[in-house]
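Trainee: Please take me through the side-chain interactions here, beginning with the aromatic residues.

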Amino acid sequence: MELWDAYDVRGNSLEHTLIRGEEVPAGEYHLVADILVRHTDGSFLLTQRDPQKPAFPGCWELSAGGSVLAGETALSGAMRELREETGIQADALAPAFEITWPGRHAIYHGYVCRYAGDKEAITLQPGETVAYRWLTLPELLAFMNDPTFVATSRERWGVYLNTLKEAELK
């Protein structure tokens, strides 16, 4: 049984927990960590979701991540999710965004991990991901329109990536 801390729409603790799989009451939210991995060579890590996952089976997404467990902060949950899903042990993550998604009862905390390690040393988590690949920014921006790319990942990271694109064009 996975437990999440409950929050209001502004991210204030409601002092109780929610149970994954049970309906989240109206006006209550849980935290979700979303981590974009950018290698020091400028490329981005994409992972392919396990075909057995109920949501977006077999599709590609830009980030590691998932629900923050009860007792974790958004940052500590992000560090754990990154380690579990990619094998990357980050020393620090840079905050990128916070998005409240009422329809999902979730507050997404986006972070960027700057990774200098071996690009072939990614460790996939069984049941979560089945493949990975690295794409340059232009390749990634083009691929984000592919039907096998998770649309919600595009929605969460699109503004950040377009800002990077504009900065590189200057």
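Mentor: Buried stands for under 20% relative accessible area, exposed for over 50%, and partly exposed for the range in between (1.4 Å probe, protein chains only). Note that this is a predicted model, in which local features need pLDDT of at least 70 and side-chain atom pairs count only at pLDDT 80 or more, while totals for chains, interfaces and linings use all residues. Residues are numbered from 1 along each chain as its sequence is written, and side-chain values use heavy atoms, with hydrogens and water left out.

Trainee: How many aromatic pairs are there in the whole structure?

Mentor: The search returns five aromatic pairs. Rings of Phe, Tyr and Trp (its six-membered ring) pair if their centres lie within 6.5 Å; planes under 30 degrees apart are stacked, over 60 edge-to-face, and the rest tilted. One of the five is formed by phenylalanine 97 and tryptophan 157, an edge-to-face arrangement with 4.8 Å between centres and 75° between planes.

Trainee: Which parts does that pair tie together?

Mentor: Phenylalanine 97 belongs to strand S7 and tryptophan 157 to helix H3, so the pair links parts 60 residues apart in sequence. Helices (H or I, at least four residues) and strands (E, at least two) are DSSP runs, numbered from the N terminus. Phenylalanine 97 is buried at 16% relative accessibility, and tryptophan 157 is buried at 0%.

Trainee: And tryptophan 101 with tyrosine 108: what is the geometry there?

Mentor: The ring centres are 5.4 Å apart and the planes meet at 50°, so this pair is tilted. Tryptophan 101 is in strand S7 (residues 94-101). Beyond its neighbours within four places in sequence, tryptophan 101 has contacts (heavy atoms within 4.5 Å) with Tyr29, Ala106, Tyr108, Thr152, Glu155 and Arg156.

Trainee: Which charged end sits over the ring of tryptophan 101?

Mentor: That of arginine 104, at 4.8 Å from the ring centre. The criterion is NZ of Lys or CZ of Arg within 6 Å of the ring centre and within 35 degrees of the ring normal. Arginine 133 likewise lies over the face of phenylalanine 143, 4.7 Å from the ring centre.

Trainee: Changing topic, how many salt bridges does the count give?

Mentor: Eight salt bridges are counted, a salt bridge being a side-chain nitrogen of Lys or Arg within 4 Å of a carboxyl oxygen of Asp or Glu. Aspartate 34 and arginine 156 form one, with the closest N and O atoms 2.6 Å apart. Aspartate 34 is in strand S3 (residues 30-39) and arginine 156 in helix H3 (residues 151-169), so this bridge ties together parts 122 residues apart in sequence.

Trainee: Are aspartate 34 and arginine 156 buried or exposed?

Mentor: Aspartate 34 is buried, at 3% relative accessible area, and arginine 156 is buried, at 9%.

Trainee: What about lysine 53; which side chain does it meet in a salt bridge?

Mentor: Lysine 53 meets glutamate 128, at 3.1 Å from N to O. Lysine 53 is in the loop between strands S4 (44-49) and S5 (60-61), and glutamate 128 in the loop between strands S8 (106-115) and S9 (129-135), so the bridge joins parts 75 residues apart in sequence. Lysine 53 is buried at 15%, whereas glutamate 128 is partly exposed at 27%.

Trainee: Which residues do shared partners join into one network?

Mentor: Begin with arginine 80, which bridges to glutamate 72 with the closest N and O atoms 2.6 Å apart. Salt bridges that share partners join Glu72, Arg80, Glu81 and Glu84 into one network.
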